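Here is a friendly walk through a structure, going from whole chains to single residues. Keep the picture open beside you as you read.

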Amino acid sequence: MGLDIRLPIGLMFALFGLILLGFGLTSGEDLYRKSLGINVNALWGGVLLVVGAVMLALARRAKPDA
Amino acid sequence: MERYSRERQGANAALNIQLAWIDYLLLILYLVFVLGIGFLLKRQMETSADFFLSGRSIPAWITGLAFLSANLGAQEVIGMAASGAKYGIATSHFYWVGAIPAMVFVGVFMIPFYYGSRARSVPEYLKLRFDEKTRGFNAISFAAMTVFSSGISMYAMGLLLQTLLGWDFNFSVLVSALIVLAYIFLGGLTSAIYNEVLQFFLIVAGFLPLVLLGLKDVGGWAGLQERLATVATNRGFASGAFTESWTPLTSPAANPMGVEWFGMVMGLGFVLSFGYWCTDFLVVQRAMAANSMSAARRTPLIAAIPKMLFPFLVILPGMIAIAMTESGSLSGFKLPAKPDGSLNYDLAIPMMLGHYFPPGVLGLGLTALLASFMSGMAGNVTAFNTVWTYDIYQAYIRRSASDAHYLWMGRMTTVFGILLSVGAAYMAASFNNIMDMLQLVFAFVNAPLFATFLLGMFWRRATGHGAFTGLAAGTAAAAVHHGLTLPHGAAAGIKGGWMGTLAAYPSEMAQNFWTAIWAWSCCFAITILVSLVTRPRPQEELRGLVCSLTERPAEGHLPWHQRPGLVGVLVMALVLLLNLLFW
């Protein structure tokens, strides 16, 4: 197919990850009383960023023929 | 009607989660991506086969995740968590006894006929194998069912967003309908499938942190077991009734579901799950879009691997919610009560989202919830499109138009189907009983289907007259069984017993399972009897449609991970392991 689905997924996850990570690193600690004192934004944002990057890398590796 | 409007008011007062700018940002970004995929695919939609079948060109891992995600609608996420809270880990039987073995079966044994026959839909297979009336029966009931289920799902979503966020019901329904409409209108089945894959990843990303936080809150699996032991003993069950999946199934009285192992394995497993996963065009359509026979057969097998882990994502939150509500946690989470005083299990996941998630991941979690609603809706709409255009319009209304005409018809049907779904959503909002009744009727029609396909694919003597009378008899048997039995404590009416009460079941679930078992057996027997006295079709006509007259797809030259048989055995071994671990 013309569109490699890993591109949009990877892009979206990387974007979501960056936004959450950025927000997590700049937001105050008391925001996280809800989430049992864990900064879920920064942590999970980081995870999403890595997942997004892996997807993009896979799409890139598959590219050469296109 | 009265019940729902009361619920709406009560719930509105109870919780109002506030969203921050970052939550809206994530939500909007997601919508941009969803629509963007539709636009990017628009150029590829040149023929009706592109639109309805994705030109049979999609690799297995994508169709596999879409196969999983198309079924991951509202019922799955909200309903499974609710059942987890009500019945504990026994809910996992829907996966470990039900879905997974059925998915392996359809992949290994049935897809060769669906994909190999080049049928464009499940009803069309019935036409090729049996006759026109059997196809018509299936096509019409299926088309009606998809419209109503997408309507019900839309209604549930509107209600939930209203409860959680105070959003206007009309706004939520119309906006989500427009978005699904736009991306299917543009990119057809491919767009739906691609978005389903995106939604799959999003759903995992949105709910996984919820499960992890919830588990931490109750002190891990050990803490959860301890709390659920209290929950179980409070209700008069053995302490493991909520955390062991098989041990409490020795008798209906020993588990909260009120089901014993035979009803579970035969009713839920063999009849209902095989019936759904092996014959429902909504999911089978994804496999039909695969780019080769091997890819089509591996579609459900690839789906089965994440599917078997889904109980940890959708059932576990419900179990955690009930454990915290009845036996405490660090953060003091409590499930809200309905106006009548019973716990509102359906709010387990939405409430936990609001309870644990700060702005940021909250937006992610809500986006995941919305994604699950949309993927469920889109699955119904694409299936409706195809069945309407190929099996009703082309079969009975305009037989030989140009391909461009059918492509145009597919697009129009998307609009029309979504309008009908919106109508059904409003119908559900105002006439609650009609929806319950419709769902009941569809359940009657669906229960015997698997017998028809089983005989059609594996017994070449089965005839069209046999199949049709068998289906009709099975549907009638389901209705009669329902009309003569009643779950414990229910009043005669929509719950059963409307023809008098011959037998009572310990629970509604037990009644459902046995209704299905009766319907299936009746269809199986009648199809055989009628087939034996009617004229069989010549063997040449059945090549590629029946097991004994079809060459087995050669797979010896493929690497091990592309051989459906081998992958199927592997999947079954894994699911057996899960059953043993949580015995």
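Buried residues make up 62% of the 583 residues in chain B. This is a predicted model, and every value below was computed from it.

Chain B holds 21 helices and 2 strands. Its radius of gyration is 23 Å, close to the 25 Å from the globule rule for 583 residues, so chain B is as compact as a globular protein of that length. Along the principal axes, the C-alpha atoms of chain B fill a box of roughly 70 × 55 × 50 Å.

Chain A has 2 helices and 0 strands. Its radius of gyration is 15 Å, well over the 11 Å that the globule rule gives for 66 residues, so chain A is more spread out than a compact globule. The box for the C-alpha atoms of chain A is roughly 50 × 15 × 15 Å, again along the principal axes. In chain A, 41% of the 66 residues count as buried.

Here are some further values for each chain.

Contacts tell us how a chain folds back on itself. Among contacts in chain B between residues at least 6 apart in sequence, 78% join residues at least 24 apart. For chain A, residues 24 or more positions apart account for 67% of the contacts with a separation of 6 or more.

Now let us zoom in on chain B, beginning with a helix. How many of the 10 residues of helix H18 are buried? The count is 9, so this helix, residues 449–458 of chain B, is mostly covered. Among the buried residues of H18(B) are Leu449(B), Phe450(B), Phe453(B), Leu454(B) and Met457(B).

Is Asp391(B) buried or exposed? With 0% relative accessibility, Asp391(B) counts as buried, because buried means under 20%. Asp391(B) belongs to helix H15, which spans residues 361–397 of chain B. The side chain of Asp391(B) makes a polar contact of 2.3 Å with the side chain of Arg135(B). Leaving aside residues up to four places away in sequence, Asp391(B) touches several residues, including Ser121(B), Pro123(B), Glu124(B) and Tyr396(B).

Thr475(B) sits in helix H19, residues 464–484 of chain B. At 15% relative accessibility, Thr475(B) is also under the 20% cut-off, so Thr475(B) counts as buried. Which backbone oxygen lies 2.8 Å from a polar atom of the Thr475(B) side chain? That oxygen belongs to Leu471(B). Residues three or four places apart in an α-helix point the same way, because there are 3.6 residues a turn. Not counting residues up to four places away in sequence, Thr475(B) touches Phe137(B), Phe444(B), Val445(B) and Pro448(B).

Finally, look at Arg535(B), in the loop between helix H20 (508–533) and helix H21 (564–581) of chain B. Arg535(B) has 74% relative accessibility, and exposed means over 50%, so Arg535(B) counts as exposed. Ser375(B) is 160 residues from Arg535(B) along the chain, and the C-alpha atoms of the two are separated by 44 Å.

How values were computed. Residues numbered from 1 in each chain as written. Chains lettered and ligands numbered in written order. Predicted model: local features only at pLDDT ≥ 70, side-chain atom pairs only at ≥ 80, totals over all residues. Heavy atoms only, no water. Helix = DSSP H or I, 4+ residues; strand = E, 2+ residues; numbered from the N terminus. Rg over C-alpha atoms; globule rule 2.2 N^0.38 Å. Buried < 20%, exposed > 50% of the residue type's maximum accessible area, 1.4 Å probe, protein only. Contact = heavy atoms within 4.5 Å. Polar contact = N/O pair within 3.5 Å; in protein donor to acceptor, adjacent residues only side chain to side chain.
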